[in-house]
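Visitor: I'd like a close look at one strand pairing, please. After that, just keep going through the side-chain contacts.

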Amino acid sequence: MHALLVIDVQNDFCPGGSLPVAGGFDIIPVINRLQPLFDLVVATKDWHPKDHSSFAVNHGKQPGEVIMLDGLQQILWPAHCVQGTKGAEFVSGLETTRITRSFNKGVDSAIDSYSGFFDNGHKRATGLGDYLKQLGVTEVSVVGLATDYCVKWTALDAKQLGFDTTVILDACRGVNLKPGDVDRAIEEMRAAGITILQSAEVLGART
């Protein structure tokens with residue numbers, strides 16, 4: 001069984017949100033075209049409490065600064081995807097009727113969670129891995145926001161958990177906090193054995 005993982009396609013990560021990714025809206029029609037080709041569609045959401053430790057405002061610092069948090073380097077971000085806010089909702093143009101389940105991440109105020117599977121310290125699982133395995137999923141394709149953070153770490157964890165993993169690149173967009181971050185993320189994923197494809201290759205192969 002092959003699952004499509006739709007990562008963090010939320011209002012705050014698109015233009016007009018508090019942590020916008022350039023071109024975030026552009027991936028919506030691509031993701032919508034891809035969904036019917038998969039046996040299962042699952043999504044993730046950042047779902048942060050207001051006091052989340054990744055928020056620069058909670059440390060009196062500026063976004064982009066780096067601190068140590070529970071032994072891990074933590075980039076500080078603008079407050080985003082706060083539980084129950086409009087910014088945490090899926091973008092309205094995203095087709096959600098095929099999404100069988102959505103997993104929340106970043107719910108612990110003490111640690112961030114880029115991956116859809118685990119927090120950044122791998123101390124707590126979201127339940128996504130067990131859910132996929134219980135349904136017999138052996139392959140996953142990852143799309144969403146952002147290429148160099150949540151998409152990358154979700155894909156790396158999926159591969160580590162034994163899933164045959166693909167990232168569909170034009171159905172993702174990156175932050176590029178530092179120039180070249182997206183390119184480095186792609187190379188890191190390739191080096192881990194993750195397949196990098198364009199949506200046209202997937203659509204052509206599965207239609």
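Guide: Start at V66, whose bridge partner in β4 is I75. This is a predicted model, so numbering runs from 1 along each chain as its sequence is written, local features need pLDDT of at least 70, side-chain atom pairs count only at pLDDT 80 or more, and totals for chains, interfaces and linings use all residues. Side-chain values use heavy atoms, with hydrogens and water left out.

The V66–I75 bridge belongs to the antiparallel pairing of β3 and β4, which runs over 4 bridges (strands pair if DSSP finds at least two bridges between them; strands are E runs of at least two residues and helices H or I runs of at least four, numbered from the N terminus). The two strands make a hairpin with 2 residues between them, and D70 in the turn has a positive phi of about 55°.

Now look at which way the side chains go. In a regular strand the side chains alternate between the two faces of the sheet.

W77 and Y149 are edge-to-face, because their ring centres are 5.1 Å apart and their planes sit at 90°. That pair links distant parts of the chain: W77 is in the loop between β4 (72–75) and β5 (99–105), Y149 is in helix α3 (residues 147–160), and they are 72 residues apart. W77 is at 7% relative accessibility, so it counts as buried, and Y149 is buried too, at 11%.

Y149 has another partner: Y114, with centres 5.3 Å apart and planes at 65°, so edge-to-face again. Y114 comes from the loop between β5 and α2 (128–134), 35 residues from Y149. Ring pairs therefore join W77, Y114 and Y149 into a cluster.

Charges also sit over rings (NZ of Lys or CZ of Arg within 6 Å of the ring centre and within 35 degrees of the ring normal). The charged end of K45 is 4.5 Å from the centre of the F90 ring, and R101 lies over the face of Y131 at 5.1 Å.

Then there are 6 salt bridges in the whole structure (a Lys or Arg side-chain nitrogen within 4 Å of an Asp or Glu carboxyl oxygen). One of them is D46 with K105, closest N and O 2.7 Å apart. D46 lies in β2 (residues 40–46) and K105 in β5, so the bridge ties together parts 59 residues apart in sequence. D46 is buried at 3%, as is K105 at 1%, and a salt-bridge network links D8 with D46 and K105.

E188 and K152 form another, at 3.0 Å N to O. E188 sits in helix α4 (residues 181–191) and K152 in α3, so parts 36 residues apart are tied together. Here E188 is partly exposed at 34%, whereas K152 is buried at 10%.

Definitions and conventions. Phe/Tyr/Trp six-rings, centres within 6.5 Å; stacked < 30°, edge-to-face > 60°. Buried < 20%, exposed > 50% of the residue type's maximum accessible area, 1.4 Å probe, protein only.
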